[in-house]
Amino acid sequence: MVDLLSRLLDTDCLNLCHRVVDGICGREPPLRDDYSNTWSLQEWLELLNSLRALFCLAVKSSSSDEEVLAMLSDVGSRHAEAVLSVLRSRQEEIRHALLDRTNSISSATLQDFEWQLKLALSSDKISSLHTPLLSLSLDVRENGALQPVTMELNREELSKLIGSLEAANKVVLQLK
């Protein structure tokens, strides 16, 4: 973003930033054709991704004005102030868009859970088993209704469940 923004007039910088926020919020993003004389395709994509990331990161981490300006230290002060003013004026709108995007992953939410660790000593087929089992009870709210989900997991199944939950958490953190 170093000298990419410096190619714009102050009003064009404000308009571009507002259009980037529009794109984050699910409306019409800035179009490449409008800026094809200013930047190459690679520069355009770099600038667009940098601005999106900056707006999302600043809102997600509730960055102060000083922290945002520090992130924009390689940009001219007038352009940095323009980006900051757009961020200030549309911060709540960006926050709502990020929350909506995260919530749209699933309408179900975990309300409560209980777990018990058991040791299966034998089964009808094996006289000596000695296998630890985790009994997991989840209370999941979906569309206003509370649904109980119960499962019994051995060590391998529990490892797979934990891996899946960690992967899902990474996706959610990227969307925020």
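1. From the N terminus on, the elements run α-α-α-α-β-β-β-α. That comes to five helices and three strands, where helices (H or I, at least four residues) and strands (E, at least two) are DSSP runs numbered from the N terminus. The radius of gyration is 24 Å, well over the 16 Å that the globule rule gives for 176 residues, so the protein is more spread out than a compact globule. This radius is taken over C-alpha atoms, and the rule is 2.2 Å times the number of residues to the power 0.38.

2. The model is predicted: local features need pLDDT of at least 70, side-chain atom pairs count only at pLDDT 80 or more, and totals for chains, interfaces and linings use all residues. Residues are numbered from 1 along each chain as its sequence is written, and side-chain values use heavy atoms, with hydrogens and water left out.

3. The C-alpha trace spans about 80 × 35 × 35 Å along its principal axes. Of the 176 residues, 27% are buried (under 20% relative accessible area, 1.4 Å probe, protein chains only).

4. Strands β2 (residues 131-142) and β3 (residues 145-153) pair in the antiparallel sense over nine bridges; pairing requires that DSSP finds at least two bridges between two strands. D139 has P148 in β3 as its bridge partner. Two residues lie between the strands of this hairpin, and N143 takes a positive phi near 55 degrees there.

5. Among contacts (heavy atoms within 4.5 Å) between residues at least 6 apart in sequence, 53% join residues at least 24 apart.

Technical notes. Buried means under 20% relative accessible area, exposed over 50%, partly exposed in between (1.4 Å probe, protein chains only).
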